[in-house]
Each structure stands twice: as structure tokens, then as C-alpha cells.
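Here is a short tour of a two-part model, written to be read with the structure open beside you. Take a look, and then we can go through the details together.

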Amino acid sequence: MSTIERLVSSESFDAMVVSICFWVILYVVVKLITVHAGVGNLLKNGDKRIAKLRKAVMHMRMLCTSRGAKKNLAKSVKVLDDVIKYEKKATRVLTMYLFDDRNDFDVAQARNLVKSIPDACREALVKLADKQTDDLGERFDKMLEDLKTARELLKKADMLDKKKELLRM
Amino acid sequence: MMEKFVSFIEKTGFNLIAVIVAAVLGYLIIRNLLKQLKMALLASRLDNALVNFVLTVVRFLLLLALVLVCLSSLGIPLNGVVSAISAATLAVGLALKDILSSVANGIMLVLNCPFKEGDYVEIGSAAGSVKEVKLMHTVLTTPDNKQVMIPNSQVFASNITNYSANDARRIDIGVDVDYSENPEKIRKMLLAVANKHPLVFEEPEPSCHFNYSKASSISFNVRVWCKNKDYWTVNWDLNEQLTKTLIDKGVSIPFPQVTVSYRKEDKK
């Protein structure tokens with residue numbers, strides 16, 4: 001029996017493999033949960049979530065400004081749930097970023113823009129329910145514009161962070 | 001020689017590798033868990049100072065647990081380690097009595113929440129906005145942008161006045177007029193100015209009382225209620241408007257004066 005064979009067949013080797021497997025599995029599980037929660041590159045994750053939020057707002061715009069808009073009211077309410085969900089996710093990530101970097105004005109502004117979306121959507125739905133559909137398109141355009149601005153602000157903040165990182169190196 | 005090396009690897013080497021891997025992965029796991037905890041705490045809208053504090057305590061406990069797990073994996077009996085930690089704690093506790101008292105008071109401060117981040121407070125002789133409650137210090141920023149660090153043991157032992165705790169605050173403004181003025185007329189005049197200010201509450205309504213206790217003047221006390229955030233705006237506005245009104249209406253505002261009278265002594 002060679003030395004390596006002897007070492008590999010020993011009980012302590014098995015114990016080491018079991019221990020390492022246990023820690024690796026635990027690490028992978030925790031990492032997956034962390035990635036799912038959006039913790040990592042916060043600005044990138046925030047941008048992704050705002051992109052999803054924008055999609056939901058666009059969907060809502062389509063439902064509210066189409067011909068049978070009144071009939072789509074129930075569907076629009078469901079989409080509003082998505083809007084609220086994505087807004088919460090995006091705000092949570094940006095709040096975490098601002099917790100560490102409180103003076104970042106761009107991110108704070110982006111967060112305020114994102115925060116205002118659910119209320120604006122609710123108002124739009126109320127208008128739709130009251131059959132005041134004249135300015136609905138404009139309202140949604142403004143929301144989409146705000147979200148676009150928020151994404152640009154996050155990209156700007158990300159660039160600044162990268163520059164700072166480079167200067168530190 | 002080779003036999004000795006193989007025997008060492010079999011007995012200790014594999015175990016050591018497992019412990020190193022456990023320590024590295026354990027540290028990374030703790031880091032990720034703390035990030036998630038931070039996000040959860042921030043989502044629950046807890047005060048920032050409390051979030052920082054909870055994170056510090058949890059980080060310490062998790063790292064201690066990891067160290068104990070690694071030591072037990074290395075075959076070091078934990079009973080001995082726990083005893084050693086207890087003895088060390090006792091020794092360190094005696095040596096760092098004041099510091100530990102600050103830490104304990106920091107915990108009590110966070111649990112009792114007499115103030116939160118951003119509140120304007122007066123602690124002992126220092127006053128300012130609360131910037132952060134750390135494990136050992138509370139950091140205040142004074143209105144002229146100085147930073148004051150007060151040990152938590154002192155914070156806990158001092159009287160704490162929190163000016164931001166309530167939504168509304170009362171402003172007391174003292175006004176002095178000459179004894180020759182009609183007090184009732186002046187009272188109505190001052191009340192009219194106080195009632196006119198848009199930021200002053202209608203309920204509780206402004207009040208004005210006077211007394212004759214001063215040597216050279218009748219003293220009026222104008223009391224109004226306003227929102228906490230408008231305190232200084234209302235204070236400065238009212239001070240200015242009250243003085244202007246008195247001057248415009250020709251009310252004489254007194255200054256300290258002494259009347260000296262000469263008496264001729266009878267010649268004896």
C-alpha cells in the first residue's frame with residue numbers, strides 16, 4: 001500500500017472530507033440566499049430591480065391606456081402589486097447602500113424617485129376608476145422618465161465608486 | 001522519518017486542513033449572514049444606531065462561536081477554554097471596569113431608546129444632534145458643527161433632555177414695557193401678533209400673562225405652541241414681530257433706571 005493510498009484510506013481523511021463538504025454546502029446555501037436577497041454589488045442590484053419595476057410600470061401603462069382600459073382595471077390592480085413588490089426590493093437595496101455611504105446624493109435622489117412610483121400608480125388607477133383618462137398617458141410617461149433618471153443616477157454613482165476605488169489603488 | 005510524517009498527517013494534518021477550511025468558509029458565511037441581517041434590520045425601519053449596535057453584537061457572538069467550533073475540531077477541550085475565557089473575563093472585567101460599564105450602559109441606552117439618531121439632546125453640559133450611539137460612546141454634533149463624544153456611562157448617569165421627543169413645543173417669550181403703559185391694551189396687542197403667525201397652533205391657543213415683579217418694567221410672558229421643527233422660525237419671527245409692533249404703536253420699552261432724589265438736610 002503506497003503512502004497516498006494509506007493516507008486516503010484513513011479515517012481522519014474521511015472525517016476531513018465530510019467536514020469540508022459540510023462547510024462548502026453551508027457556504028453555497030448562504031451565498032445563494034444572499035445573492036437572491038440582492039446583497040453584493042448593491043448599485044448593480046438596485047439597477048436590476050429598477051429595470052423590473054420599469055417593466056411593471058410599462059405593463060400597467062399598456063393596460064391603463066388601451067381601448068378597454070376600464071375592463072383592465074382588475075388586471076392593473078394585480079400589476080400594482082408587482083410594482084409595490086419591485087419598489088420595496090429596489091428601495092431596500094438602495095437603503096442598504098445609503099446606510100454605508102450616507103452622503104451619496106445621487107443614490108438618495110434615485111431612491112426618492114423610486115419611492116414615489118407606487119403612489120403615482122395608485123393615483124393613476126383612481127383616475128382610471130373615475131373615468132378621468134385624459135392625462136393617464138402623461139402620468140405614466142413621467143413615471144417612466146423618473147425611473148430612467150433613477151437608473152442613470154445609479155450608473156453615475158457606480159462610476160464614481162469605481163473611480164474612487166481606482167484612486168485608492 | 002517518512003513514517004513519522006505520515007503518522008502526523010493522519011493524526012493532525014487532515015484535521016488541521018478541515019479546521020482551516022471551516023475557519024475561512026465560516027468567516028465568509030458570517031459575513032454574508034451579517035449582510036442579510038443588516039438588510040432585514042434596515043427594512044424593519046429600526047433606528048440606524050440600533051442597527052449598528054445589533055450588528056456589532058451579533059458579529060462578535062458569531063465570531064466567538066466560530067472560534068469555539070474550530071478549537072473543538074482541533075481537539076482542544078472546550079471546558080478548559082470556557083474556564084480560561086471566564087478567568088480572562090474576570091481579570092479584564094476588573095481591569096476595564098469603567099470601559100465595560102460604558103459598554104453595558106450602551107446596551108441599556110439602545111434598549112431604552114431615550115433618543116434616536118438625529119434627535120437634538122442635552123446630556124449633562126453638552127448639547128447637540130445625536131450622530132451615533134456606539135458601543136462605548138454617544139457621538140453628538142453641536143449646532144456649530146463640533147463633535148462631542150460622551151462615554152455611555154456618563155450618558156446613562158446624566159439627565160437627558162430630548163428636545164425632539166415630542167411633536168409640539170412651547171415657546172416662552174418675555175416682553176417688558178414701561179409702567180406707564182396700559183397692561184390690558186399691551187396684552188391684547190401681543191396676543192394679536194401671536195395669533196397672526198401662521199405656524200403658531202390655534203389649540204392650545206396662545207396666552208399672555210403679566211406681572212409687576214420687575215423694578216423698572218411690567219413684564220409680559222407670551223406663550224405659544226408650534227411644531228417642534230418650526231421652533232426657531234417661530235421664536236425668531238415672534239421676537240421680531242412683537243418688538244416691531246411695540247415700537248410701531250409707540251409703546252415705550254424701558255431700560256433699567258434709578259431715580260435719585262436729593263434731600264436738603266436741615267442745618268442744625
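## A place to start

Is Asn145(B) buried or exposed? Asn145(B) is exposed, because its relative accessible area is 66%, and exposed residues are those over 50%. Most residues other than glycine have a negative phi, and most peptide bonds are trans.

Chain B also has a peptide bond to check. Glu203(B) and Pro204(B) are joined by a cis peptide bond, with omega at about 0°. Pro204(B) sits in the loop between helix H6 (183-196) and E7 of chain B.

For the complex, the predictor gives an ipTM of 0.73 and a pTM of 0.57. Chain A has a mean pLDDT of 86, with 98% of its residues at 70 or more. For chain B the mean pLDDT is 84, and 95% of residues reach 70 or more.

In chain A, helix H1 (residues 3-8) has the lowest confidence, with a mean of 72, while helix H5 (residues 105-115) has the highest, at 90. Where pLDDT is low, the predicted coordinates should not be read in detail.

## Chain A in outline

Chain A contains 7 helices and 0 strands, so its elements run α-α-α-α-α-α-α from the N terminus on. Of its 169 residues, 37% count as buried. Among contacts in chain A between residues at least 6 apart in sequence, 73% join residues at least 24 apart.

## Where the chains meet

The interface brings 29 residues of chain B into contact with 26 residues of chain A. Between them, the two chains bury about 2,600 Å², with 74% of that area on carbon and sulfur atoms. Helix H1 (2-43) and helix H2 (48-73) of chain B are the elements that give two or more residues to the side of chain B that touches chain A. H1(B) gives the most, with 22 residues. The residues on this side of chain B divide into 18 nonpolar, 5 polar and 6 charged.

What about polar links across the interface? The rule finds 0 salt bridges between chain B and chain A, and 1 residue pair in polar contact, both at pLDDT 80 or more.

## Two buried residues of chain B

Leu66(B) lies in helix H2 of chain B and is buried, with a relative accessible area of 11%. Not counting residues up to four places away in sequence, Leu66(B) touches Trp23(A) in the partner chain, along with Ala22(B), Ala23(B), Gly26(B), Tyr27(B) and Ile30(B). Leu66(B) and Gly26(B) are 40 residues apart along the chain, and their C-alpha atoms are separated by 6.7 Å.

Ser217(B) belongs to the loop between strand E7 (207-211) and strand E8 (218-227) of chain B. Ser217(B) counts as buried because its relative accessible area is 4%, which is under the 20% cut-off. Leaving aside neighbours within four places in sequence, Ser217(B) is in contact with Asp176(B), Val177(B), Tyr179(B) and Pro254(B).

Terms used:
Residues numbered from 1 in each chain as written. Chains lettered and ligands numbered in written order. Predicted model: local features only at pLDDT ≥ 70, side-chain atom pairs only at ≥ 80, totals over all residues. Heavy atoms only, no water. Contact = heavy atoms within 4.5 Å. Buried area = accessible area lost by both parts, 1.4 Å probe. Salt bridge = Lys/Arg side-chain N within 4 Å of Asp/Glu carboxyl O. Polar contact = N/O pair within 3.5 Å; in protein donor to acceptor, adjacent residues only side chain to side chain. Helix = DSSP H or I, 4+ residues; strand = E, 2+ residues; numbered from the N terminus. Nonpolar A, V, L, I, M, F, W, Y, C, P; charged D, E, K, R; others polar. Buried < 20%, exposed > 50% of the residue type's maximum accessible area, 1.4 Å probe, protein only. pLDDT = per-residue confidence, 0-100.
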